[in-house]
Amino acid sequence: MSLLRDDDLAAAFDRAAGAYDRLVAASPGYHGQLRLSARRLGLPDGGRDARVLDLGCGTGASTRALLEAAPLAHLVAVDASPGMLRRARAKRWPQRVRFVHAGAEHLEQAGVRGPFDAVFAAYLVRNLTAPGPVLRRVRALLRPGGTLAVHEYCLSGAARHRLVWNTVCRAVIIPAGSLGPGGPGLYRHLRRSVLDFDTVPRFAARLAQAGFEEVRVQAVPGWQRGIVHTFVARRPVREVPPG
């Protein structure tokens, strides 16, 4: 199948929103791995006075993980899918959390402006039509020295991890997703999007090309080891102007 993009992908998430929380809750390690990546942002003092952008918040699982890692932070949570965002907003949140409907390519038009101390992007970047420009814009939204953490399905490059991903998708994820209100389309896209996305070395290089430094890659435990990774990088404190 061809990959879903932009409005078509947002519409697929809208259709799946009603069953999305139940499906991810059944995935071993899903929430724990989000919490692990949120902690890897390394926000000190519980995130006191920090501004954090949760880019691609979905139904709020990544937002909740950030709150647990940095309970004193001020969060701006953004998603392009109205259906997913309605699910997120319906949950209980402290006043420090604000939700915004916007695609990652159109943050300023929606009133999302920096500087942020940190940006968290979970399961987002491989779904972007043009990741490079978005990553450069995210870097610009960070304060100098600010941190980006990308939590993403990003295969190691080893053949065994590609085989595991294909097997789990065909045997578990796509059949389970087919039972939900959106049908199998979003989960077929999920399988293909991971296979077509950067490997770990390629995505680390992409972050460096977007102007980030100190790029670090860390694995997650469980069956997703070699399949899901956390990428942590910083906006340089001093940036050399081009030319």
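Which helix holds Ala 10? Ala 10 lies in helix H1, residues 6–25.

This is a predicted model, in which local features need pLDDT of at least 70, side-chain atom pairs count only at pLDDT 80 or more, and totals for chains, interfaces and linings use all residues. Residues are numbered from 1 along each chain as its sequence is written, and side-chain values use heavy atoms, with hydrogens and water left out.

**Ala 10**

Ala 10 counts as buried because its relative accessibility is 14%; buried means under 20% relative accessible area, exposed over 50%, partly exposed in between (1.4 Å probe, protein chains only). Setting aside neighbours within four places in sequence, Ala 10 is in contact with Ala 80 and Ser 81. Contact means heavy atoms within 4.5 Å. Pro 82 is 72 residues from Ala 10 in sequence, yet the C-alpha atoms are 7.9 Å apart.

**The chain**

The protein chain has eight helices and seven strands. These are DSSP runs (helices H or I, at least four residues; strands E, at least two), numbered from the N terminus.

| Property of the protein chain | Value |
|---|---|
| Buried residues | 51% of 243 residues |
| Contacts joining residues at least 24 apart, among those at least 6 apart in sequence | 71% |
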